[in-house]
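Please look over the sequence and the structure shown here before reading on. The report below moves through them part by part.

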Amino acid sequence: MSSPLPTYAFFSATPGFFRANLPLLLVVLVSAVIGLLMVVVFRYTSDQKAIHVAKDQLKAHLLAVRLFQDQIPVVLASYGRILSGTGRYLKLAFKPLLYVILPLVLLIAQVDRYLGYVPLAAGEAFLLKVHTANPDSLNEVTLQLPPELTTTAPAVHVPSDNEIAWRLMAAKDGDYDIEVIADGQGFSKRTVVSSGVPRVSPVRLRGRFWERVLVSGEPALPDSSPIQSIEVSYPARSIHFAWLDWNWIWLFFVLSLVAGFFFKSVLGIEI
Amino acid sequence: MKQREPRFARGSRLLMLLLAVCVLVLAFPVRSEAYAGPGAGFAFLSSFWTLFVAFLYSAYAFVTWPFRHLFRWLRRRKAYGKAQIKRAVILGFDGMDPDLAERFMAEGRLPNLAQLRDHGTFRKLRTTYPPISPVAWSTFMTGVNPGKHNIYDFLARDLNSYLPFLSSAEISAPKRSVKIGKYTIPFGKARVKGMRRGTPFWHWLGKAGIFCSVIRVPVTFPPEKFPGVLLSGMCVPDLKGSQGTFCFCTTRSHGDKFREGGVRVPIERRGAVYHTYIPGPDDPLQAGSGSELRVKFEIRPDTAKKQARINVDSEAFTLKVGEYSEWIPVKFKAGLGISAHGICRFYLKEASPEVEVYVTPVNIDPGRPDLAVSHPVTYSIYLAKLFGSYATLGLAEDTWALNEGVLDDQAFLTQCYSNHDDRERMLFDALEKTRQGLCACVFDTTDRVQHMFWRYLEDDHPAARGVPRDQRPQVIQELYRRMDDLIGRVRKQIDDDTLLLVVSDHGFKSFARCLNLNAWLHQNGYLTLKDGKSESGDWFEDVDWSRTRAYTMGLNGLYLNLAGRERFGTVQPGEEAVALKEELRSKLNGLVDPSSGKVGITGVFDCDTTYAGPYVDNAPDLTIGYGDGFRASWDSVMGKVTGQIFEDNLKAWSGDHCIDPRLVPGVLFSNRKIAEEKPAIVDVAPTILKLFGLGLPAYLDGKPWMVGMKVAAETTRP
């Protein structure tokens, strides 16, 4: 068994309320910081004057619809200008997006390691799925489990999906490396059993660079490996906020927008 | 050697790279990259909101359309049933002079006006008594003489104090306020009461279902409700409530107080940064204390580059010497959340060794008006959003700053034509929006430029002595050429069903000699000064009213000190008053300037025979018609009594029209034949009403013209 991650230690030490609401607090914090950073980046990467003019003109065309409402040709022309003005505004507003999308996606991918899934609980059964390159090698795949983990059912082979699955259970909290043996080679998969908010990687992959960057938190499987992926079925996390259960990304979307609109007013930035 | 890539090439390559990354990311959608971040959210939400509002309004318009259409159809059928025209476009060129127009047409400078003359109409347009813009434009819009619309000058006088007040509008404090110690907390906005009476003809048109766009016609402040859109013109105040008070910030410690129209503000140097302020309106929380609100700003001159960086509120901008800023929003904060929003432009006059910055009068912000300057109030906002901020002040061209030498000729012209360009944009937008109905727009540039540059048109104007003839700029010629060009562009926008009228409220003449009528009244025993005084300060400071029988203030008015009317009146109404008027008329009419032998006054008009209507009592008892080359002196206008009756006018304000109305008719051009040989400005309103098939109210003084319905192709398509 490897040592717990520092985050695990920290979160385990936090008082009860914060521990219980830690994911929500983290989302709020990340949203506020990202919202602030976004408006600052927006300020320096966008054409503020052009955005100001584009927005003003949109407002003018909206007012024209009201002011000249009895003149049908004028109203129709104004609608046309609203549409083209919206396109112009979107073009201007998306330019800053090009600058931030990559770092933001990478950041979200990293935060998703912590907030996307709930770690396994001690005594809770979970599935470990291994996908192989071809169905013939399924019979060659075996597991080496640390002493704290046990299998609760025989392995299930699904040749049509090149998949083999085990039902496992952990006796107590901790980070465990499960060893998958195939063609005489061993490939490990980190499995986290915890009640905190540790870093979790649901899958280890061979190749598939972007998916590895965005979803996996572990090194790639060797290219020569007969195994394509090793997956642990962590439950997806939902955060209760405002009488609703949220996926953290949707909550982040809403809160970062609120933060962005707040900071843009404070800093006088045009968005 | 490796050549350095241009910056924009590297920038666009980076952009392309980022775009490619985005495409790649979005091409492999998995969990976390499905979300594009707040940036996309901002863009999405903002644009979605716009479309959502537009959609909602569309839905509302769609649902109500049959009813509105039916209602409109019924009204329009009635309105246009007897109409002879589909649309009337009236271009008001304030002060365009028929003699100059004729001269420039003969010289081939004005091809578009010449085509209107040759194939449509060109006439001299009889103006009002007196021929002053607020008077003439009030008559233009109401179709009545001043006795019925109550405007006789820019200024009227308080019968109790003999002090002047603005004749067109009265601005007072909010109705309700609470006084706590020395503080007064106002509730609500300042109250504005229009003083012009009579009904503008676009109100009649609007009621009949004919849409009207009216832009910057003088004396339309406060804007009155009617079914159409209107942007107020001349007489809109600045944020201080004046008709235009510029601010001149300077490190020079000396300098005379400006006679009028501006204030000198010191600049204080602290290290490399210069600090100064813009004076604003009176502090509403300390009403009556004379305490004013201010907006501070910083100037950081760059001597080497002959420029300066200016920081005001949250705005920062750099100006080169001789350059204007854009319209900059400023906010005067009084506390308790009370503030006044304005806009102004900065002009860097000097950056080294002294620092001097001219700031235009602080205009009411059209995009966020604290006082409505349009009807509906959203119209000024609409124009501000569409074209950016623009001048709202009635007299937006700062003639005082040029008069006082704060601005030079070029800086003044730049300001004029900047305002003019804004006005053109508004006009063309109104033309596009008003396919049927009335589109009326008044341009002030013609008036202001002629006032200030007439000196270059004459050989021997006192204000241009010393300027060699070959170095005199052809400013007025260029002005007329620009206006002609504008007409050409307007003609491209109109069809044969459109009546085009180009009108001016008066013409122009030289203002070379000042005539101080108060001095004449004093020297001839009609006005008496307090014992020991040989002259009087502004607004009759040293006049002994108990021994005064007549006085003058404003541009053309002469008043009797009438018992029972004026507080210290001495002249009995009836026979004595009639006799005094006759005596003054006979003495003043034909008054000769001894230095040249020219006649300084060519007509004196009695109010009893000149005006008719319910407001005749407010009229000057006599209206003075100055001769060509003369005008009321600057001192006389301000109720000052000096020793000299005649003197040279040395100010840049060198042309004028506040003289004998018979000498300064306006112009009337049209794309149609107009039979009337001697049209008058009072006829415009009834003519338009008649052309749109409306009945004429009985009280109108004007008579409708016979307008030909056939339009020569040359007059609509240049």
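How many bridges join strand β16 of chain B to strand β17 of chain B, and do these strands run parallel or antiparallel? In this model, which is a predicted one, six bridges join β16 (residues 307-312) to β17 (residues 315-320) of chain B, and the two strands run antiparallel.

## A hairpin and the loops before it

The strands β16(B) and β17(B) form a hairpin with two residues between them, and B:Asp313, which belongs to the turn, has a positive phi of about 50 degrees. Where the pairing is concerned, B:Val312 stands opposite B:Glu315 in β17(B).

The loop between β15 and β16 of chain B holds B:Lys306, a residue that has a positive phi of about 50 degrees although it is not a glycine. With a relative accessible area of 59%, B:Lys306 is exposed. Another loop, the one between β14 (273-282) and β15 (292-302) of chain B, contains B:Gly290, which counts as exposed at 59% relative accessibility. B:Gly290 and B:Gly655 are 365 residues apart in sequence, and their C-alpha atoms are 36 Å apart in space.

## Chain B as a whole

The secondary structure of chain B comes to 18 helices and 36 strands, and of its 718 residues, 57% count as buried. Among the contacts in chain B with a separation of 6 or more, 67% are accounted for by residues 24 or more positions apart. The chain exposes about 29700 Å², and carbon and sulfur atoms supply 55% of that area.

Strands of a sheet pair through backbone hydrogen bonds, and they may do so either parallel or antiparallel. In chain B, an open sheet of eight strands has the order β2-β34-β25-β1-β24-β9-β10-β23, and its pairing is mixed. The strands β2 (121-125) and β23 (374-375) of chain B stand at the edges with a single partner strand each, so one side of each is left without a neighbour in the sheet. The partner of β2(B) is treated here as an example of antiparallel pairing: five bridges join β2(B) to β34 (residues 666-670) of chain B, and the two run antiparallel. Within this pairing, B:Val667 in β34(B) is the bridge partner of B:Lys124.

Seven of the seven residues of β1(B) are buried, so the strand is largely enclosed by the rest of the structure. B:Arg87, B:Val89, B:Leu91 and B:Phe93 point one way from β1(B), whereas B:Ala88, B:Ile90 and B:Gly92 point the other way, and all are buried. Helix α12 (residues 475-493) of chain B lies across β1 (87-93), β24 (437-443) and β25 (498-503) of chain B, and it runs at about 170 degrees to β1(B).

Helix α14 (residues 575-588) of chain B has 14 residues and reaches 20 Å from its first C-alpha to its last, close to the 20 Å expected at 1.5 Å a residue. Its buried residues are B:Ala577, B:Leu580, B:Lys581, B:Leu584 and B:Leu588. Seen down the axis of α14(B), these buried residues fall within an arc of 100 degrees, so they line one face of the helix.

The buried residues of α14(B) pack against several elements of chain B, among them α13 (517-523), β29 (601-606) and β30 (622-626). The face turned away from the buried side of α14(B) carries the exposed residues B:Glu575, B:Val578 and B:Ser586. After the helix comes B:Gly590, whose phi is positive, near 90 degrees.

## Backbone details in other loops

The peptide bond from B:Phe221 to B:Pro222 is cis, with omega near 0 degrees, and B:Pro222 is found in the loop between β9 (212-217) and β10 (229-232) of chain B. The peptide bond from B:His375 to B:Pro376 is cis, with omega near -15 degrees, and B:Pro376 lies in the loop between β23 and α8 (377-387) of chain B.

In the loop between β3 (155-157) and β4 (164-166) of chain B sits B:Tyr162, whose phi is near 65 degrees, a positive value in a residue other than glycine. B:Tyr162 is buried, with a relative accessible area of 1%.

Technical notes
Residues numbered from 1 in each chain as written. Chains lettered and ligands numbered in written order. Predicted model: local features only at pLDDT ≥ 70, side-chain atom pairs only at ≥ 80, totals over all residues. Heavy atoms only, no water. Helix = DSSP H or I, 4+ residues; strand = E, 2+ residues; numbered from the N terminus. Buried < 20%, exposed > 50% of the residue type's maximum accessible area, 1.4 Å probe, protein only. Contact = heavy atoms within 4.5 Å. Areas by Shrake-Rupley, 256 points an atom, 1.4 Å probe, with all protein chains shown as cover. Pairing = 2+ DSSP bridges. Axes fitted to C-alpha atoms, helices over the stretch in contact; angles between N-to-C directions. Expected span 1.5 Å × (residues − 1). Arc of directions from axis to C-beta.
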